Amino acid sequence: TINQKDQNTLDKFKEWMKNNNIFLNEKLDIKYLDNFGLSIVSNSKIQKNEKLIHVPSQVMMSQQGISKHIPKEIKEIVNQLGISKTNEQAIYLMYSKLNNLSFWNAYTNILPQSFSTTLFFIEKELDELQASPLKQYTIQRKNSIDYHYDNIFSKLSKVLDEFKKPEYTKDLFYWALSCVWSRSFSLSSNDGGMIPLADIFNAEANPEKSKVSVKSTEVDGLHYSAAEDIEKDEQVYTPYGVYKPLSSSQMLMDYGFVFEKGSKADHVILKVPGFRESEDNYDIKRQILERNQITSDEYPLDMVSIQSLDTLPKDLMMYVRVKNLATEEMSRAKSHFLNPKTKHTSMSNRNEKSSLRFLCTIIKKQLSTYPTTYHEDSELLKQTNTFNQENAIKIRMIEKKILETFYDNLMKLREKYNNNKE
Ligand SMILES: C[S@@+](CC[C@H](N)C(=O)[O-])C[C@H]1O[C@@H](n2cnc3c(N)ncnc32)[C@H](O)[C@@H]1O
């Protein structure tokens, strides 16, 4: 259901689309759906290859549109100050929202007023992320926005009267950036921005299943057509993160929701301990790793990589094997770990067993930084009644699931080793 005020803004947006030659197939409606917000839904059957939408380049907030519709003095100062593309889009959105006569005003009025991204989580909800790095990323993002807001608007307000208006608040900057992160498009390596109408399509969990085929050119703008027949009353989705699949963590940070089945890009960062100078054979171990350019103490793991020792990041396995060398193995270690033919293989049964035990210890340690287990979380999830809390629990569960499965796989391997006596 949509209230009268929202219906009026939507009607004004549709009129604005018409006046600016933005095409929406008559068989498609812009509707408000619970859990999705504005959505695109068909009102009758659409045949494969039928045109769905067309948005001309000049109405996009990309290079062409900006040069046409943003006042010259604003563009100039934004360029002079060397403001980033994302912050630039945010400034134009704020300007458009605050000026009734500006070109994109009708468009900014249909943009969401609130977001379920982690940026707007209250402290209690952020705490639900437990040890997930998403909590830290969110805090960093907030600090960065605060810094940029102070920096940018103190300068803009000195130069242009427009930016002296008290309505250019930090809250509005948060709103504008959230619109950019959840809806802007990249059109080429150096152009992109907000695209009215195209940004009303919601995300399809499985990008291969999207029934929309996308074509965009600088001259002609953006075209969507039906890649397959679309049934009556069907919601039409587009794939998000086409070039690079987004993890659930990134989805929650930028879009404010996570897919039921998670994402192919889901991962956890395994943190491994560094070396202490007092450690036995410190010098040789460090030397071997440095000569192999292994310097990181963080390794991303996903559900695929934890399936076997061969699928794990090669650097991680070498780090673990070298870290667990015994003094009597040092004489052989260099020739083994510096030889391209052998360096990614097990050096001895003893070293391999010790390495697996070590991996189990660090996984357990990392799991212990989360106050609850995966199993406990799945129970907690059933009792949860707020959207944000639910999403936070899902994120920490994804990370725990990878770590716990990795641990179980290693325990099975260790058992095999113990039964296979040398
Ligand atoms: C590009 S906009 C799509 C239009 C948006 N629904 C609106 O109200 O304007 C992206 C936002 O839509 C919502 N969204 C998109 N796909 C979704 C999905 N599969 N499930 C739930 N929400 C989704 C999220 O709030 C996301 O940040």
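Among contacts in the protein between residues at least 6 apart in sequence, 70% join residues at least 24 apart. Two residues are in contact if their C-beta atoms, placed from the backbone, lie within 7 Å. This is a predicted model: local features need pLDDT of at least 70, side-chain atom pairs count only at pLDDT 80 or more, and totals for chains, interfaces and linings use all residues. Residues are numbered from 1 along each chain as its sequence is written.

**Overall build**

The protein has 15 helices and 12 strands. Helices (H or I, at least four residues) and strands (E, at least two) are DSSP runs, numbered from the N terminus. Taken along the principal axes, the C-alpha atoms fill a box of roughly 80 × 55 × 45 Å. Of the 422 residues, 31% count as buried. A residue is buried if 20 or more other C-beta atoms lie within 10 Å of its own, exposed if 12 or fewer, and partly exposed in between, with C-beta atoms placed from the backbone.

**Domains**

The domain assignment gives domain 1 (4-254) and domain 2 (268-419); such bounds come from an automatic or database domain assignment. The centres of the two domains, taken over C-alpha atoms, are separated by 40 Å. Their contact takes 13 residues from domain 1 and 15 residues from domain 2. On the side of domain 1 that touches domain 2, α7 (133-159) and α9 (248-254) each supply at least two residues. On that side α9 gives the most, with 3 residues.

UniProt, in an unreviewed entry, lists residues 26-241 as "domain: SET". UniProt positions are given in the numbering used here, feature names are shortened, and annotations may be inferred rather than shown by experiment. The end C-alpha atoms of residues 26-241 lie 28 Å apart, and the span is 37% helix and 19% strand.

**The ligand shell**

Of the 15 residues around the ligand, G37, L38, N202, A203 and Y255 come nearest. A residue is near a molecule or strand if its C-beta atom, placed from the backbone, lies within 6 Å of it. Two or more residues of the shell come from each of β3 (37-42), α8 (170-183) and β7 (202-204). β3 gives the most, with 3 residues.

The table sets out two groups of residues by class.

**Strands and a loop**

An open sheet of 4 strands has the order β1-β4-β9-β8, with antiparallel pairing. Its edge strands, β1 (23-24) and β8 (212-217), each pair on one side only. Two strands pair if DSSP finds at least two bridges between them. β1 and β4 run antiparallel and are joined by 2 bridges, and L24 stands opposite I53 in β4.

Elsewhere, β5 (residues 185-188) and β6 (residues 191-193) run antiparallel, joined by 3 bridges. They form a hairpin with 2 residues between them, and F185 stands opposite G193 in β6.

N49 is found in the loop between β3 and β4 (51-55). N49 counts as exposed because it has 11 other C-beta atoms within 10 Å. Not counting residues up to four places away in sequence, N49 touches S225 and A226. N49 and G37 are 12 residues apart in sequence and 27 Å apart in space, C-alpha to C-alpha.
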